[in-house]
Amino acid sequence: MPNVKAAYIWLDGCEPVSTLRAKTKILDNEINELSDIPDWGFDGSSTEQAEGKDSDCVLKPVKFVKDPLRGTPHILVMCEVLDAQGMRHPSNKRALLRKLAEDTASQEPWFGIEQEYTLFKEGRPLGWPEPHSGYPGPQGPYYCGIGAERVYGRKLIEEHLEACLQAGLTVSGINAEVMPGQWEYQIGPLGALEVSDEIWLSRWILERLGEKHGIAVSLEPKPITGDWNGAGAHTNFSTKEMREEGGMKAIEEAIEKLRVKHGEHIAAYGPNNDQRLTGLHETAPITEFRAGVSDRGASVRIPLATAQKRRGYLEDRRPAANMDPYKVCAKLLETVCN
Ligand code: ADP
Ligand code: MN
Ligand code: MN
Ligand code: MN
């Protein structure tokens, strides 16, 4: 008997943003395709997804990957949540994105998400001095830095990179960030559902590895107030038309569509983002929409290479690190591809 440990992963109903939950089922069959993995259930009254008197919710497997923590033949199973009648649960934003992704597939939308995050230990960012004993030196040497007095947590982030690759996720890179203890990895480019599933799975792997090291992962957009960079989830986006000869016209049209929906998008781009989008620290103020070539103080940046070739992609710099990619990708598809 194979005794496959299948970690069923789903998003809870917590507001204003869902968090990850998981529990493990032992499967005694070989897993070759999605249909080899049975639906399962959980107590929705413990996850803000149901009342105690009618608590059962359904876990519907939608994607599986190799489990890099437990090794072969074990798997991670991303699930959508359904109610007891088998209908979409209100917390299930993936199902809404699934529909939008199908409707816009002919435009071949691609997403690349830069996930920034901050490592914490003993209630402060990793590597920071004890409370009341000052702060690290000012920002400057930490971004893409090296050396024991500039970067903290390298061991964990290298393990995370390796684990994501072993799971078959499309990580495109990693770097140390501007604030000490802050890091970034990128997923993509991929379709909307794929990039979003992989962001959630990669966040899950990071949290699990953090447990091993006694290091917590914060996705707060502004974990430390003051002259310290916040954490975002820049979302790079293109359609087939944007990537082809003369695609700049489509990019400029997309930017104008984004401009008029600014408020609506900000509402879906993660809680506490007002603390991050101040106009300082490589952001545009939350109340303004600005676009520009190479401009890291813009809401939407056109990368230099895209401006030079007159085709490529745009970077939406507004999403916060704690955003739900199912919601952000849905907003972009809804606004640009409809
Ligand atoms: P930055 O210079 O903003 O730090 P990164 O290199 O961290 O940029 O991230 C850029 C992301 O954009 C990567 O995830 C990459 O895969 C993605 N990307 C590249 N080309 C495209 C494209 N045509 N459409 C969407 N995303 C893209
Ligand atoms: Mn980046
Ligand atoms: Mn970054
Ligand atoms: Mn970026």
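Modeller: First a term: when I say contact, I mean heavy atoms within 4.5 Å. Keep in mind that this is a predicted model, so local features need pLDDT of at least 70 and side-chain atom pairs count only at pLDDT 80 or more, while totals for chains, interfaces and linings use all residues. As for bookkeeping, residues are numbered from 1 along each chain as its sequence is written, chains are lettered from A and ligands numbered from 1 in the order in which they are written, and side-chain values use heavy atoms, with hydrogens and water left out.

The chain splits into domain 1 (4–91) and domain 2 (102–337), with bounds that come from an automatic or database domain assignment. Taken over C-alpha atoms, the two centres are 26 Å apart. At the meeting place, 15 residues of domain 1 are in contact with 18 residues of domain 2. About 1600 Å² is buried between them, and carbon and sulfur atoms give 78% of that. In domain 1, L20, P68 and L69 lose the most area to domain 2, together 31% of what that side buries. Buried area here is the accessible area (1.4 Å probe) that two parts lose on being put together, summed over both.

What about charges? Between domain 1 and domain 2 the salt-bridge count is zero, although the structure holds 18 salt bridges. I call it a salt bridge when a side-chain nitrogen of Lys or Arg is within 4 Å of a carboxyl oxygen of Asp or Glu.

R94, A95, L97, L100 and A101 are the buried residues of α1; buried means under 20% relative accessible area, exposed over 50%, and partly exposed in between (1.4 Å probe, protein chains only). Those buried residues pack against β4, β5 (75–82), α3 and α8 (325–336). K99 is partly exposed at 48% relative accessibility.

Further along, K212 forms a salt bridge with E159, with 2.9 Å between the closest N and O atoms. K212 sits in helix α3 (residues 192–213) and E159 in helix α2 (residues 154–166), so the pair ties together parts 53 residues apart in sequence. Salt bridges with shared partners also join E80, R94, R98 and D197 into one network.

K60 is partly exposed at 35% relative accessible area, and D39 is partly exposed at 40%.

E15 and P16 are joined by a cis peptide bond with omega about 0°, and P16 is in the loop between β1 (4–11) and β2. The bond from G188 to P189 is cis as well, with omega near -5°, and P189 is in strand β9 (residues 182–190). E108 is not a glycine but has a positive phi of about 45°; you'll find E108 in the loop between α1 and β6 (110–121).

Notes
Helices (H or I, at least four residues) and strands (E, at least two) are DSSP runs, numbered from the N terminus.
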